[in-house]
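Let me put the model up, and then I'll walk you through a few spots in it.

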Amino acid sequence: MLVGGGRRGHVQPYPIFFGKLIIMKPVMRFTWLMVLLAPSVLSLGAAAQEGPLDKSEPKGVAPEQIIQHFATKEKEFKEARDQYTYRQEVKVQTLDGNTVTGEYQEVFDVLFDDKGKRLENVVFAPQSSIENGGISITKEDLSDIRNRLPFVLTSDEIPEYSILYVGQQQEDELHCYVFDIAPKTIEKDRRYFQGRVWVDDHDFQIVKTYGKTVPDIRTKKGENLFPKFTTWREQIDGKYWFPTYTRADDTLHFSMQEVHIREIVKYANYKRFGSKVTVTYEGKEIPKGQTKPEQPQPPQPQK
């Protein structure tokens, strides 16, 4: 989220690009790795049906092996999700106490055209009032909503992060290994995730993340800050753990003001693109466009 530079309380609006969400955020101060690895830094994460953190070492497998396992699975997950269509609903609100002061909404379908090219089709995008809450939507917010809130850490990205095993924890019916993650370095014009991930001990896939995208951005044009968020995943097609719900409820601390924001992103209707579906009737495959297989004609009497 962004507030503009210059006058106090002034918002420098950014354009809303067609089919994309731009959210301007206030910036939050932090110390990169030290903040991330502090034991209490993520204690405020969502804890629905969450057990106590057991700091004992995993049995029968080293933390380094778990990291390699889930990084490999994440690469498979990323490649698989790119072959699915789904609907994504986005709602961003600014609040004063319990009163909503501004709101941005967008609903779009992630689809493929007849040539297999991935595209977005916006199905609902009412006029935004988010500027009334003192912020605007930025291109970094839009990118985060599409690429960072459903955080993926693949084997290709592992060298870029410091990863610390912190224990084991029960998440609903899943027993999980817990890791804290922070980027080793911050390169210009690149976005990273900083926070905590929960990896289930059966499939070795990330089932929950809590943290924020980094870095926050301060320029002469304004302050672009990003909230802490939690993303939950569910198993799709009995194999992949895809994101289904993201929630952020945070106060962004700009230099001249504070803004309370709430952000909810839902992912639904996952369907694999290009899967072959066949219809059968009495054990025989029915050709496309035909309701029943052709029946053999009885022999005609000879004249």
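Leaving aside residues up to four places away in sequence, Phe242 touches Phe77, Ala80, Arg81, Tyr84, Trp232, Arg233, Glu234, Ile236 and Tyr270. Bear in mind that this is a predicted model.

Phe242 is also part of the largest nonpolar core, which has 50 residues. Along with Phe70, Phe179 and Val197, Phe242 touches the most other members there. Helix H2, residues 63-81, is the top contributor to this core, giving six residues. There's another core lying apart from that one, with seven residues, including Val166, Val178, Val207 and Tyr210.

Okay, pockets. I picked the second largest pocket, with a volume of about 420 Å³. What sits nearest its centre? That would be Lys139, Glu140, Asp189, Ile217 and Asn224, out of 18 lining residues.

H3 has the largest share, with three residues. And H3 is largely enclosed by the rest of the structure, because seven of its ten residues are buried. Those seven are Glu140, Asp141, Leu142, Asp144, Ile145, Arg146 and Arg148.

Now zoom in on Asn224, over in strand E10. Is it buried or exposed? With a relative accessible area of 4%, Asn224 is buried, the cut-off for that being under 20%. Its side chain makes a polar contact with the side chain of Thr138 at 3.3 Å, and the Asn224 side chain also reaches the backbone nitrogen of Met1, at 3.2 Å.

Val214 and Pro215 are joined by a cis peptide bond, with omega about 5°. Pro215 is in the loop between strand E8 (206-214) and E9.

Then there are two positive phi values in residues other than glycine. Phe204 has phi near 55° and sits in the loop between strand E7 (192-200) and E8. Asp237 has phi near 55° too, and that residue is in the loop between strand E11 (229-236) and strand E12 (240-253).

Conventions:
Residues are numbered from 1 along each chain as its sequence is written. This is a predicted model: local features need pLDDT of at least 70, side-chain atom pairs count only at pLDDT 80 or more; totals for chains, interfaces and linings use all residues. Side-chain values use heavy atoms; hydrogens and water are left out. On a 1 Å grid over the protein atoms alone, a cavity is a set of points where a 1.4 Å probe fits but cannot get out, and a pocket is an open set with protein on both sides within 12 Å along at least five of seven lines; lining residues have an atom within 4 Å of a point. Grid points are joined across faces, edges and corners, and a volume is the space filled by probe spheres set on the points. Helices (H or I, at least four residues) and strands (E, at least two) are DSSP runs, numbered from the N terminus. A nonpolar core is a set of buried Ala, Val, Leu, Ile, Met, Phe, Trp, Tyr and Cys residues joined through side-chain atoms within 4.5 Å. Buried means under 20% relative accessible area, exposed over 50%, partly exposed in between (1.4 Å probe, protein chains only). Contact means heavy atoms within 4.5 Å. A polar contact is a pair of N or O atoms within 3.5 Å; within protein, one must be able to donate a hydrogen and the other to accept it, and residues adjacent in sequence count only if both atoms are side-chain atoms.
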